[in-house]
Amino acid sequence: MVPVPSGDEARRRRRATVEVKQGLRELGAELTLLNRRVGARLGLKDIDLDCLDLINAHGPLSPTALARRAGLHAATTTGVLDRLERAGWVARERDPADRRAFLVRALRDRNAELLELFAGMNSSVEQICADYDDADLERLADFLRRTADAGRNAAEELAGS
């Protein structure tokens with residue numbers, strides 16, 4: 001039998017849950033600002049940087065797969081890819097599995113520019129992680145994965161309605 005929390009315990013839990021949600025909102029806002037500033041330094045629009053990140057993380061991708069992951073219309077994706085290709089961030093290559101199609105691949109020689117601009121944040125996260133033991137980090141990683149999945153599911157539900 002699961003014990004029923006007392007009124008004080010239930011209030012503390014609700015308060016802690018609210019703080020987690022507020023923290024996620026603040027984190028989202030700060031990461032958006034960081035990405036906007038990185039994009040400005042590189043001469044990329046916000047959506048271009050978002051798509052470049054998706055290609056780096058999941059690529060090579062077909063334009064259709066990129067559009068789906070980014071939640072963009074096909075024509076918008078074409079414009080993004082044109083800009084990224086002109087700026088030397090990506091290359092379009094024939095899909096070896098289907099010669100009529102092509103895949104978009106990030107040009108890794110430009111990654112040093114991205115890493116340099118994100119170095120301050122990456123260093124800070126390393127310092128923060130140093131304060132936690134392995135079990136804590138595993139729980140945090142699980143929380144973040146599950147939260148990202150919840151966000152993806154919510155976005156998919158909105159796209160379907």
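This is a predicted model: local features need pLDDT of at least 70, side-chain atom pairs count only at pLDDT 80 or more; totals for chains, interfaces and linings use all residues.
## A buried asparagine

Where does asparagine 56 lie? You'll find asparagine 56 in helix H2. If we skip its neighbours within four places in sequence, asparagine 56 is in contact with Ala106, Arg108, Asn111 and Leu114.

## The overall layout

Now zoom out. The protein has 6 helices and 2 strands, and reading along the sequence gives you the pattern α-α-α-α-β-β-α-α. The radius of gyration is 20 Å, well over the 15 Å that the globule rule gives for 161 residues, so the protein is more spread out than a compact globule.

Along the principal axes, the C-alpha atoms fill a box of roughly 65 × 40 × 25 Å. Of the 161 residues, 19% count as buried. Take the contacts with a separation of 6 or more: 46% of them are between residues 24 or more positions apart.

In soluble globular proteins, nonpolar side chains tend to be buried together. Here, the largest nonpolar core has 20 residues, and Leu52, Leu84, Trp89 and Leu114 are those with the most contacts inside it. Which elements each supply at least two residues of this core? They are helix H1 (7-42), helix H2 (46-58), helix H3 (63-70), helix H4 (74-86), strand E2 (98-106) and helix H5 (111-129). H2 gives the most to this core, with 5 residues.

Not counting residues up to four places away in sequence, tryptophan 89 touches Leu42, Leu44, Leu52, Leu84, Arg105, Ala106, Leu107, Arg110, Glu113 and Leu114. Leu114 and Ala106 also turn up among the contacts of asparagine 56.

## The largest pocket

Rolling a probe the size of a water molecule over the atoms shows where empty space is left. In this model, the largest pocket has a volume of about 1900 Å³. Of the 42 residues that line the largest pocket, Leu27, Leu31, Asp53, Leu144 and Ala148 are the closest to its centre.

Which helix gives the largest share of the lining? That's H6, with 12 residues. H1, H2, H3, H5 and helix H6 (134-160) each supply at least two residues of the lining.

Conventions:
Residues are numbered from 1 along each chain as its sequence is written. Side-chain values use heavy atoms; hydrogens and water are left out. A nonpolar core is a set of buried Ala, Val, Leu, Ile, Met, Phe, Trp, Tyr and Cys residues joined through side-chain atoms within 4.5 Å. Buried means under 20% relative accessible area, exposed over 50%, partly exposed in between (1.4 Å probe, protein chains only). Helices (H or I, at least four residues) and strands (E, at least two) are DSSP runs, numbered from the N terminus. Contact means heavy atoms within 4.5 Å. On a 1 Å grid over the protein atoms alone, a cavity is a set of points where a 1.4 Å probe fits but cannot get out, and a pocket is an open set with protein on both sides within 12 Å along at least five of seven lines; lining residues have an atom within 4 Å of a point. Grid points are joined across faces, edges and corners, and a volume is the space filled by probe spheres set on the points. The radius of gyration is taken over C-alpha atoms; the globule rule is 2.2 Å times the number of residues to the power 0.38.
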